[in-house]
Every structure is written in structure tokens, then in C-alpha cells.
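Welcome, and thanks for taking a look at this one.

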Amino acid sequence: MAAAPPSGQVVYEQDGVFIHSSCGKNDDQDNLIAGILRVIEKENEVVVDWRPLDETLDTSNILCAGKDSSSVVEWTQTPKEKCSRGADRPSSYEAEWDMVTTVSFKKKPHSNGDATTHANGESKWSFLFSLTDLKSIKQNKKGMGWSYLVFCLKDDVKLPALHFHHGDSKLLIKCLEKHVALDESPDHEQVLLVKTQKSLSQSFENLLDEPSYGLLQKLKRDPYTVTMGRFSKVTNYIFDSFRLSDPSNQRRPPSEMADLIHDTIPGLKINQQEEPGFEVITRIDLGKQPEVSRREPVSAEEWAKNMDSEGRILDVDYIKRSIFKGGLCHTLRKEAWKFLLGYFPWNSSKEERANLQKRKTDEYFRMKLQWKSVSEEQEKRNSRLRDYRSLIEKDVNRTDRTNKFYEGEDNPGLILLHDILMTYCMYDFDLGYVQGMSDLLSPVLYVMENEVDAFWCFVSYMDQMHQNFEEQMQGMKTQLIQLSTLLRLLDSGFCSYLESQDSGYLYFCFRWLLIRFKREFSFQDILRLWEVMWTELPCQNFHLLLCCAILESEKQQIMDKHYDFNDILKHINELSMKIDVEYILCKAEAISMQMMNCKELPQAVSEILGIESSSVTPDSDTGEDESGAELSCPTSLYQSISTPVIAANGTQDSAQQMSETQSLTPA
């Protein structure tokens, strides 16, 4: 039997994985070395481990690539033992197989790395490497012979080809793709390149205790977790690490650090000149921001008065406007959120909703039974389900544990949180579970206090947020581009300052967008903020205007104190739990009115906000179009949807009256 694998959780295991050694007596025949291949999740890294079954082989060395790619060993062929390649070997055999003749392991000189060659009784053919050191994977796609893979590490170190006699290598590739992003090489269709490493499963806790190399590797392979965590402290630590390790003891310029951040999340790097819809927006006068007031939350009595005898809502627009302007009293949320999230149709009767809940209850428990009935033996052969379960268990145990609904051990709320997330994996197995989704579910379950209702409300919320969690992060990229466009219209000077500090990509807003400010406001404030956003008033992408409102509120301090790249990250991160939700809602609404009343609203902004206008200017600096005709002012969204504004005392004024009043009041 093979020696025991390194400690950690085995997430992939395959026997019948052979090395074909061509150093036998007959040059035309390979020596087959059977072994077991494993992928193992350890506390700080993910490793690939191959060990032979036969312990009688020479046990002089084990190849182990350390965390630092400069400490990996080189494969060097012993000249006197080199075997010539058989002339009639099938063409599907690769040259790499022949290079695995009698091999000596030569340690590459490295002054501060761990030893990589150990005489510990392991077979000479065993190898172990961290995914942080993986550069590429070569695979056969011609369907000839056994499926095989060749791992190439950094510094072009090649490991022996692994042949899958008992199945193919597709499951291994799928497993590895959970931890590294693999892209087909443009030059060789058989080669998969490691584009950037990511590990959605790893915690950000205790990250600052690691050496700087380990920190950078975690940042590169775990952008979600790093951004969800203390991003500014990471940046501080990176700066300090480089400063201490630099012989000149000089801090690297912020531009280099900005490039590092961009490289860690390449899918989000924005080329403004190539992105569709990007416009240069200059010299547009938005005028002063109007003053905005908010009303009291919608009460249960007000809600009930707006329902007919069959339980249908009489005036949906009025209810949405009221919620937008004041939110909901807490006792009403359990019912109203089901409408806001789309679980209940707005025009449904009480009886129709009861029938819907009955159907959805049956559907939920059918899906829940799917994962509940999986045996341990079955789960051993389902690596994706194991991965999802492992991630969920880790995140559930650290989600809102200070909230009484989730605090303590064996809390029923935690069990429901776990079960709903596992059932969602059955609902959308392709997406499964990604870190951050527990943050979105937690307030919903807290309000619903019901497993089935919470699940279907969460499904509706995830329909809105799905792109945020997809591997290519296209949704996040799009939102950052849109936010940049809005902020430039609002304050081009502030945008220019951010760009001068290498912060123009607005990565410090990543966490805000990813989980809709969940970690920026208190739990109760998030309930208010989310229900306001779910009204989809006063325009599309109101959450981007909330970002603008927060940034504009902090602009003066950032610019007056000349904050650099690192200072900006630190400052934005430290705003968490210090933002006044009512103030920001008022400011964001004022910005929306300011933009919708603009006579020269750029087309890109109009599209982002969903404002239909008979005439908008795409990128001009004047109020005229190409033909010289004067551009008309786009209709205010408040007017176009006939939205009365709810004042603080609950009275309704027409949008036009309020607009005229507010336009006379300085911001």
C-alpha cells in the first residue's frame, strides 16, 4: 500500500494512475508504476500528491515543490542512464514520458526556502506540489491510448506524465478548477495555462500572520475572500513586507502595488478605451443636489388598508414608493419582503399565495431530500458536493454569530442556514455555493423565520445577484465600469484624483457590490437598505448611486489629506459600521434626481439608470447634437412614472411640486 498522504482534507482521490518509466530492459516497453493521485486541502494551501503503491521501489527522494516557486527542484536526466526512445513507439506517446527514465533530483540553490528533497522513506517517484506553484497542465485530447496529464511547475519544471488507466482525467481537471483558473493556451490546444489562482474555500482569518509570500499567494488565488476581509490591512501588510525585504528599504511606488492588485483579479481589469459603452464625460453641469426628506416606515395598518377583501394589493406603485421613502416596520417585513423579492406576485390573492406556498414547500423538500439522502460512500465519489458542503460548513460557522438569531453552539438558525444553502446547491448545482452567499441569506432567514419561505426568497435574490458569484466575475466588472461612469459624471475632479493615486478602478468598492453593503452597515440598517433597493426605485442600479453617495461623502477627507492608494483602501475599509443609512439613502436619492434633471445626460448614464429619454447626448461637451439642434431635457423619472414624493409627515405632493421646491434649496 502507498504511504499515508499528507494531513488535510482529501478532495480528490484516484487510483490506477500510472507513471510510464521507459528505462526497462526493452526500450520499446514501458515500466508501469501504479500509484494513487490525491488533491488535498490543507489549512493554508491545496496540494497535489502522487505516491506509488509499491513500497519496494527505491525510497531515496521525494519531490516536493515548496510554497516559493524559486525553491522547486529541477528534473535532470542522468546521462549515463538515459534511454533512447523507441523508434516504433506510438505517436500518442509524448517525449515527457521518455524523460522519466532514471531521474536524479537536483535541488535548485535557494537560500531561504524549505528543503525540497527528503530522504524519508518515500519512493523516489513520489511527488508533491502546491497549486501555487503550478504553471500549466498538458493533456491528451486525441482519444488515443490512456488519458494522461503532465504538470509543469514554475521555472518550467516538468513532472512525470500521469496516465489514468482506471478512468479519464476530466474529474481531476474539474477539481483543480475549483482552486485555480485554467485557460486553454492560444498556442497549444493540449495545454491548459494557470491564468490566476483562486480558492473560494479558504478563510481570510489569520492571514496577516503568514510570511509575505504566502500572503501574496492567498491574495492571488482568493480575491473574493481577501476583498471580503480586511482588504486595507492586506495592502498595508504588502507594503510593509516589500519595504522590509527591499535592500534599499524603500517602499515600492503605489503604481506597482496597484498593478499587483489588478493582476490578482485579471477578470476585473478595465480597459476603458476598449470597453463598450465607456465614454469620456467632461464639463457637464448637474446643478445643485436637492434636499430630500424621508418618511416613517410603512406600518402594518397602512399595509392592510391597501389590500382588498381577497388580499390583493390595491395600489402597488404607492406601496413601492412608500417603502422606498421610509422602509417597513419590522413586523411587516415577513410578508412584504416576499413581494419585494418576487416570491409572491404583486397582483396575487391570499388564496393564490397559499397555493403557491404549498407547491413551493413540496418542491423545496424534494430538493432537500436529494442531498440528505446521499450516503457517505456516494459523497466520496462526488467531489463537487463535498466541496460545497465543506465551504458551507465553514461559512455558516462564522456568519453573523453576534446576532442572537445565530449565536451559540447548535443554534437552530445555523442549522437552517446550512440546510438552505445545501438545498440551493441542488437548485443551481452549476453555481453551487460561493463564499458571500451566506451573507445574503442570513438577513432573509432572520426575517422569514421559516425555512421554505427563506429559501425561495433567497432564490429570487440570487437571481438578481447571480453574476456577482460566477467564476468570470463579469457582473462585478460591469458594475465597476458603470460605477466609474456615474462617479465621473458626478465629480470628474474626484475621479481624476483617484486615478492619480492608482485607484481609478474602484476596487475598494468590490465588497460593497459583491454582497450589497452587507458588511458596511449594521444588521438592522441592512434590513432597511435592502428593502429600499428592492423597490427598484427611483431608477435602475440605485445601489451604484449609494456607492456614489458614500464616496462623495468621503471625498473631501480623501483629497484634503492627500490619501494615496494604500490610505484610500484603509479609509474605505474603516467606514464599515460607521455609515448613517438614512443620510446615505437621502443623498443617493438626491443624486438620482440631480442626474435625471440634467439637460445633457450622457447616453451611457441614461442606460445605466434606465432612464428613457427622447434625446440624450452620448459624449458631447455642449448642449447641442451633431446637427446643432438643442437637446431637450430628459423627463424626470419621478414625473415619467407619476411618482408622488412622500414627505416626512406622510403627505403626498406631486413630483413636479417637490422638484420645484427642492431645486430652490441648496444641497
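A residue counts as buried when its relative accessible area is under 20%. Val180 has a relative accessible area of 1%, so Val180 is buried. Please keep in mind that this is a predicted model.

**The chain as a whole**

- The protein chain holds 25 helices and 15 strands.
- Of its 667 residues, 56% are buried.
- Looking at contacts between residues at least 6 apart in sequence, 70% join residues at least 24 apart.

- Val180 belongs to strand β12, which covers residues 180–184.
- The C-alpha atoms of Val180 and Leu131 are separated by 7.6 Å, while the two residues are 49 residues apart along the chain.
- Ser460 sits in helix α15, and with a relative accessible area of 14% it is below the 20% cut-off, so Ser460 is buried too.
- Leaving aside residues up to four places away in sequence, Ser460 touches Leu341, Gly342 and Tyr343.

- Why is strand β9 (residues 147–153) described as largely enclosed by the rest of the structure? Seven of its seven residues are buried, so the rest of the structure largely encloses β9.
- Both faces of β9 are covered, with Ser147, Leu149, Phe151 and Leu153 buried on one side, and Tyr148, Val150 and Cys152 buried on the other.
- Strand β8 (residues 134–139) runs antiparallel to β9 and is joined to it by five bridges; Gln139 has Leu149 of β9 as its bridge partner.
- Strand β11 (residues 162–164) is also antiparallel to β9, with three bridges between them; here Tyr148 is partnered by His163 of β11.
- Strand β10 (residues 157–158) pairs with β9 in the antiparallel sense over two bridges, and Cys152 has Lys158 of β10 as its bridge partner.
- β9 and β10 make a hairpin with three residues between them. In that turn, Asp155 has a positive phi of about 65 degrees.

**Helix α9 against helix α19**

- Two packed helices are described by the angle between their axes and the distance between the axes.
- For helix α9 (residues 330–340) and helix α19 (residues 523–533), the angle is about 40 degrees and the axes are 11 Å apart.
- Is the crossing of α9 and α19 left-handed or right-handed? The crossing of these two helices is left-handed.
- On the α9 side, the residues that meet α19 are His330, Arg333, Trp337 and Leu340. They face Gln524, Leu527, Arg528 and Glu531 in α19.
- By class, this contact of α9 with α19 has three nonpolar, two polar and three charged residues.

**Helix α10 and its cover**

- Helix α10 spans residues 350–372, which is 23 residues.
- From its first C-alpha to its last, α10 reaches 32 Å, close to the 33 Å expected at 1.5 Å a residue.
- Which residues of α10 are buried? They are Arg353, Leu356, Tyr364, Met367, Lys368 and Trp371.
- The cover over these buried residues of α10 includes α9, α12 (383–396), α13 (412–427) and α15 (451–465).

How values were computed. Residues are numbered from 1 along each chain as its sequence is written. This is a predicted model: local features need pLDDT of at least 70, side-chain atom pairs count only at pLDDT 80 or more; totals for chains, interfaces and linings use all residues. Side-chain values use heavy atoms; hydrogens and water are left out. Axes are lines fitted to C-alpha atoms, for helices over the stretch in contact, and angles run from 0 to 180 degrees between N-to-C directions. Helices (H or I, at least four residues) and strands (E, at least two) are DSSP runs, numbered from the N terminus. A crossing is left-handed if the near helix is turned anticlockwise from the far one by less than a right angle, and right-handed if clockwise. Contact means heavy atoms within 4.5 Å. Ala, Val, Leu, Ile, Met, Phe, Trp, Tyr, Cys and Pro count as nonpolar, Asp, Glu, Lys and Arg as charged, and the others, Gly among them, as polar. The expected span of a helix is 1.5 Å times one less than its number of residues. Buried means under 20% relative accessible area, exposed over 50%, partly exposed in between (1.4 Å probe, protein chains only). Two strands pair if DSSP finds at least two bridges between them.
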